[in-house]
Structure formats: structure tokens, C-alpha cells
Amino acid sequence: MNDRRRWLDDPRNVSRLVHGLYVLCAALLLADLLYTKHTHFPFEAWFGFFAFFGFGAYVFIVMSAKLLRRWLKRPEDYYERDRPGAHDD
Amino acid sequence: MTEALLNPALVMIVGGMLLPLFKETARKVVMLALPVVSLALLCWLPTGDAGMVQFFGMTLETLRLDRLAFIFGVIFHIAAFLAVIYALHLKDTLQHVAATIYAGAAIGAVLAGDLVTLMLYWELTALSSVFLIWARRTERAYHVGMRYLIIQVGSGVLLIAGIAVRYVATGSIDFERMTLAEPGALLIFLAFGIKCAFPLMHNWLQDAYPEATVTGTVVLSAFTTKLAVYALARGFAGTELLIWIGAVMTLFPIFFAVIENDLRRVLAYSLNNQLGFMVVGIGVGTELAINGAAAHAFAHILYKSLLFMAMGAVLFRVGTVKASELGGLYKSMPWTAAFCIIGSMSISAFPLLSGFVTKSMILTAVAEEHLWVVWLVLLFASAGVLDHSGIKIPFFSFFAHDSGKRCEEAPLNMLIAMGITAALCIGIGLYPQPLYALLPFVVDYDAYSTTHVITQLQLLLFAAAGFAVLYRRGWYPPEIPSLNLDSDWLYRRAWPALWGGLARLAGRPQALAVRALPDRSAQGLVRVLQRHFRPGGLMAGPWGTGLMVLWVAVLLMVYLVSSFD
């Protein structure tokens with residue numbers, strides 16, 4: 001296995017990718033001004049509705065899942081140890 | 001009767017049973033040929049009802065071919081064929097036999113014209129597929145397989161009960177559209193619901209699929225749940241309850257997927273979430289919605305197989321799919337990484353890929369019925385899909401921080417299987433007309449409107465930007481070795497603990513009663529009896545047949561001696 005340095009190993013290139021993504025996002029947002037949206041619901045026609053909804057939903061999902069860990073997280077061998085009955089594994 | 005034998009399901013099932021008779025190369029040829037021959041038969045068969053068989057006074061209609069059955073039949077064959085290529089390197093005959101019979105059973109079930117035939121194949125899918133879990137041959141896989149089998153067979157038992165109630169009340173075993181108020185229909189609905197992984201009945205999926213073998217999970221992911229989707233579309237299209245059940249299904253798995261460490265389990269949650277979209281479509285029940293559900297099932301089987309194939313290849317080469325132990329694998333497995341990204345973009349519904357042209361049919365159908373709450377839920381869930389399947393799966397295995405793990409690229413047969421599947425994902429995205437032509441109803445739908453392309457890209461790329469912000473700031477939940485409690489806690493922890501507690505409680509008055517006995521020798525006698533009769537005691541344990549024969553002989557001798565006067 002060759003272990004030469006890859007393009008992605010340079011943090012500056014990763015930053016370039018991320019900034020490219022932000023530029024794309026900005027362009028897509030501005031694209032909303034350039035065409036007529038065909039919508040089913042009135043709120044869809046709001047400027048940047050899908051963009052802001054996507055960003056907001058994503059952040060909400062990840063951060064609330066992170067919070068869920070407080071209650072749901074257990075050690076990996078949770079079901080394998082301290083077995084309460086012989087039928088459980 | 002003889003025409004009943006002309007059934008693609010039987011080709012697969014009988015062919016699967018005969019597989020052990022062939023030597024290695026011949027077996028591979030037969031395995032590859034079976035789905036092809038079977039699919040050719042399916043395409044050759046005329047539309048309509050056939051294969052009538054008399055069974056306990058009932059007339060079974062073992063083959064019904066219409067447009068809904070046909071599209072599921074076709075995709076099941078494609079999935080079976082791709083899974084064979086993916087598993088071609090494998091020397092474990094048991095898995096090949098199980099996978100072929102399982103695929104055949106699923107095909108037989110979608111072609112079943114009546115409920116009894118459906119039930120027979122329904123149970124066969126359970127019995128054959130469990131071997132794909134047991135084939136891992138670990139203690140853990142054994143227990144998981146048992147839980148899986150109990151739940152799957154349980155679904156079949158509910159189905160039998162529902163059919164019985166229905167048959168007694170109406171004298172009919174036809175498998176047609178039902179309403180929940182009809183006799184037995186609720187039982188049948190629940191049976192379908194278990195296999196479709198409805199909320200709270202879902203956990204067998206996340207429990208079992210990640211524990212199956214590398215190739216077994218790929219096979220499992222294609223059939224059981226989509227068979228249930230088919231059954232719901234056939235039996236309960238337009239049932240409003242399904243809209244809400246489906247909406248919940250799209251929602252809750254995404255939160256679990258974010259914090260799950262085992263990447264094949266992440267995919268199982270994601271599978272659950274995708275089923276939700278189909279269930280919503282079935283609940284809406286309009287022509288566009290049913291088309292959407294069928295098309296999405298078709299596309300979903302392909303990209304979900306592709307993702308499980310990619311993670312299977314990682315498991316095969318690295319020995320683990322825990323996100324906390326992976327990273328940087330694109331250096332070792334560039335092809336697998338590329339195929340995985342195509343699967344990820346397909347499931348996330350990026351334009352030019354399959355999910356884009358199928359999922360949007362369901363969303364449009366929901367919008368046309370003015371169900372704005374459900375529509376927003378589905379849009380919200382779409383952002384969730386981008387996280388768990390679009391980003392998390394490829395990012396934490398192939399990129400993220402370099403784990404330093406170096407391995408070989410996946411075996412050639414796996415790469416070919418992934419390559420074909422990826423090509424199909426792109427093909428459907430670029431040119432959906434052939435898929436649309438297969439759908440149950442005539443399609444008047446174009447996914448590539450300016451509005452749809454731009455709004456979908458906005459949704460996805462802004463969500464991706466959300467990931468970039470969270471990850472770079474260190475707010476994204478880290479991948480840590482852990483498991484998360486889900487509804488299986490109820491039957492793996494709560495119920496056994498409750499049962500044990502009740503048993504101890506029930507034993508207490510007995511102990512008090514013994515202590516109250518006046519005589520010490522009587523107390524002793526009761527204690528001796530208790531010792532031998534309690535679980536694990538002499539009288540409660542399993543005895544060998546030989547010992548019992550010996551005791552019978554002794555008894556007979558005693559009888560002989562005592563009657564000798």
C-alpha cells in the first residue's frame with residue numbers, strides 16, 4: 001500500500017472544498033431570484049425557503065440527536081453483561 | 001396443476017435446494033443462471049391469474065401477474081442477481097442456498113394471488129433468511145437469529161390468524177384491497193406492519209441486519225421489508241392511518257442513525273426511514289402516490305444494496321464497520337469509496353441519481369392532497385437522510401481522520417456487483433422512463449423541472465453546509481464505541497427483569513408456608529422436593545432416552561416380581 005500524501009491530506013485543500021460548498025450555496029440561494037417557482041404551498045415560494053429549511057432541519061436533527069445520547073447511550077457490551085436472566089444475551 | 005409449476009418462485013426455490021449438488025464452478029454458473037432464467041419466465045408469463053391448486057378445500061391462486069406484482073418481481077430478480085455476483089467469492093454453500101430460497105420465497109409472495117399462498121411464502125422468507133444471520137456462526141449471531149426468527153414467525157402467525165378470521169367470516173381468501181374494519185383485516189395489517197418495521201415493531205431490523213454475514217445483509221436488505229411494502233400497497237392502499245405511521249417512520253430513525261456507531265446499523269435505521277416514505281405513499285393511495293411508492297421501492301432496493309455492499313466490503317477487508325475505528329479508507333479502497341458515494345447521493349436524492357426521480361413522486365403526491373404537515377415532515381426527514389446516509393456513511397468510513405488502517409481493495413466480484421448497481425442508480429436518475437414504464441399506473445410526471453432541481457439542491461447543499469459548520473467547529477457528535485437503547489430494551493431487559501421478579505415473588509409465600517410446618521422432618525422433606533423440582537433440578541432437567549428406557553425396564557421388573565405369587 002503506497003502511503004504518499006494525498007491532495008485531501010492538506011487541510012488547506014479541505015478548506016478550499018468547504019469554501020467551494022459555501023459559494024455554491026450562495027449561488028443557489030441567489031438563483032431563487034431568477035426563476036418562477038412552481039409550488040403547491042404558499043410558503044414554498046418564500047425566498048430561500050428550501051435552503052433555510054435544509055440548514056435548520058439538519059442542525060436541529062444533529063444537535064437533538066447529540067442530546068438524546070445522554071439518555072440512550074450505553075456501553076457496547078450492555079446486553080452481554082449483567083444478564084438479568086438466562087434467556088437474555 | 002402442471003401450469004402451477006411454471007412459477008418463477010419455484011425455479012428459484014428448487015434451484016436453491018439443488019445447489020449443494022454442484023461442484024464449485026458449476027455451482028457459480030447455476031447461481032448466476034437461476035435469477036436470469038426465473039426473470040425470463042416472469043417476463044414470458046401472461047398477465048392474469050394462474051396456477052390454481054386445491055388445498056384443504058380452498059382454491060389457491062398461486063400466480064397472479066399484474067403490473068404491481070410485476071415491478072416487484074422484476075426488482076427482486078435484479079436484487080437476487082446482484083447479490084449472487086457480490087457473494088460469488090464465498091465458499092459457504094449454506095448461505096448460497098439460503099439466499100436463493102429466500103429470494104424465491106419473496107418472489108413467490110409478490111406473485112401470490114390469495115392470502116394462504118402469501119402466508120406460505122411469507123413464512124418461508126422468515127425460515128430461509130435466518131440462516132443468513134446464523135451463518136456468521138457466533139454466539140451473538142445465534143441469539144440475534146433467534147430473536148429475528150421469533151418476530152418474523154410471529155408476523156406469520158398473526159397473518160394466519162387474520163386469514164382464519166377472514167375466511168370464517170367471509171369464506172374468501174382473496175388477497176385484494178381491504179379496510180381495517182373488515183374481519184381479520186387488523187391482524188393482517190399488523191402482520192404486514194411487523195415485516196414493514198412500523199414504529200415500535202421496527203427493532204428486529206436494526207437488531208438483525210447488522211449482525212448478518214457480509215453478503216447476508218445485502219440479501220436481507222432487499223426482500224423482507226419491500227415484500228411488506230408490496231403487501232401494504234396491495235391490501236391497504238389509501239388507508240389514512242398509513243400516512244401517519246409512515247411519517248413517524250421517516251422521522252425517528254434519523255435521530256438514532258446520527259448517534260449510532262455501527263455503520264451497518266446506521267444503514268438499517270436509514271432503511272427504516274426510507275420505508276416510511278413508501279408507507280406514506282401507500283397511505284395517500286392516489287395513482288401518483290402508489291407509483292411513487294413502487295418506484296421508490298425499486299430505486300431504494302438498488303441504492304440500499306449498494307450501500308450495504310460497500311459497508312460489507314469494508315467489513316470484509318478491515319474486519320469492522322464501527323465508525324469510531326474507521327477513516328481514511330479511500331486511500332486503500334478508492335473504488336468502493338466511489339461506489340459508496342454514488343449510493344449515498346442516490347439515497348439523498350441528488351439530481352441525476354435514482355432517489356431524485358422516485359422520492360419526489362411521493363412528495364408531489366402528498367402535496368397534491370394538500371397534506372402540508374406530512375409534506376414538511378418528509379422534507380425534514382430528507383435533510384436527515386443526507387446526514388446519516390449521504391454524509392455519515394461515506395465520510396466516517398472513507399474520509400474523516402485517517403485511522404491508519406490500510407487494506408486491499410474489495411474483491412473483484414464485489415467491485416463488479418457494486419459497479420453494476422451504481423450504474424443502475426445513475427441510469428435511473430438520468431433516464432427514468434424505463435422505470436416509469438414499469439409502474440402500476442400510467443405516468444405523467446417529470447422530475448426535472450427547474451423548480452424541483454434548484455429547490456432540491458438548495459435543501460441538500462445547505463444541509464451539507466450545516467454539516468461542514470458543525471463538524472469544523474467540533475459540535476458534531478463524535479463517533480464513540482457505544483450502543484443506544486431502542487425498543488428492543490423492552491424485551492431484552494425490561495421483560496426478563498419483570499418476569500424474574502414475579503417468579504421470585506411467587507416463590508415467597510411458599511417459603512413462608514414451609515417454615516410454618518410444625519415438624520422439622522416435614523420441612524426437610526419439602527426442601528428436598530423443592531431442590532429436585534425447581535429449574536435445573538434433577539426432576540426438571542432433560543433426561544436421556546436411555547435412562548428412561550432403563551427405568552421402564554426396572555418398573556416392568558418390579559411389576560413382574562410383585563405380581564408373582
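**View 1. Glu61(B) sits in strand 2 of chain B, which spans residues 58-65.** Helices (H or I, at least four residues) and strands (E, at least two) are DSSP runs, numbered from the N terminus. This is a predicted model, where local features need pLDDT of at least 70 and side-chain atom pairs pLDDT 80 or more, while totals for chains, interfaces and linings use all residues. Residues count from 1 along each chain as its sequence is written, chains are lettered from A and ligands numbered from 1 in the order written, and side-chain values use heavy atoms, leaving out hydrogens and water. Glu61(B) is buried but has no salt bridge, and Arg64(B), the nearest side chain of opposite charge, is 4.7 Å off. (Buried is under 20% relative accessible area, exposed over 50%, partly exposed in between, with a 1.4 Å probe and protein chains only; a salt bridge puts a side-chain nitrogen of Lys or Arg within 4 Å of a carboxyl oxygen of Asp or Glu; Lys and Arg count as positive, Asp and Glu as negative, with His and the chain ends not counted.) Setting aside residues up to four places away in sequence, Glu61(B) touches Asp49(B), Ala50(B), Gly51(B), Met52(B), Ala112(B), Gly113(B), Asp114(B) and Thr117(B), contact meaning heavy atoms within 4.5 Å.

**View 2. Arg264(B) is in helix 11 of chain B, residues 263-284.** With a relative accessible area of 1%, Arg264(B) is buried. Beyond neighbours within four places in sequence, the contacts of Arg264(B) include Arg136(B), Tyr209(B), Glu211(B), Phe308(B), Met311(B) and Val321(B). Phe399(B) is 135 residues from Arg264(B) in sequence and 17 Å from it in space, C-alpha to C-alpha.

**View 3. Leu200(B) and Ala400(B) each turn up in a loop of chain B.** Leu200(B), between helix 7 (185-195) and helix 8 (203-208), has a positive phi of about 75° despite not being a glycine. Leu200(B) is exposed, at 70% relative accessible area. Ala400(B), between helix 15 (372-398) and helix 16 (412-430), isn't a glycine either, yet has a positive phi of about 50°. Ala400(B) is partly exposed, at 28%.

**View 4. Chain A meets chain B through 56 residues of chain A and 64 of chain B.** Phe462(B), Leu483(B) and Arg493(B) supply 13% of the area chain B buries here, more than any other three residues. Overall the two chains bury about 5,800 Å², with 69% from carbon and sulfur atoms; buried area is the accessible area (1.4 Å probe) two parts lose on being put together, summed over both. The interface has 3 salt bridges. Lys331(B) makes a salt bridge with Asp9(A), with closest N and O atoms 3.0 Å apart. As for chain A, its elements run α-α-β from the N terminus, and 38% of its 89 residues are buried.
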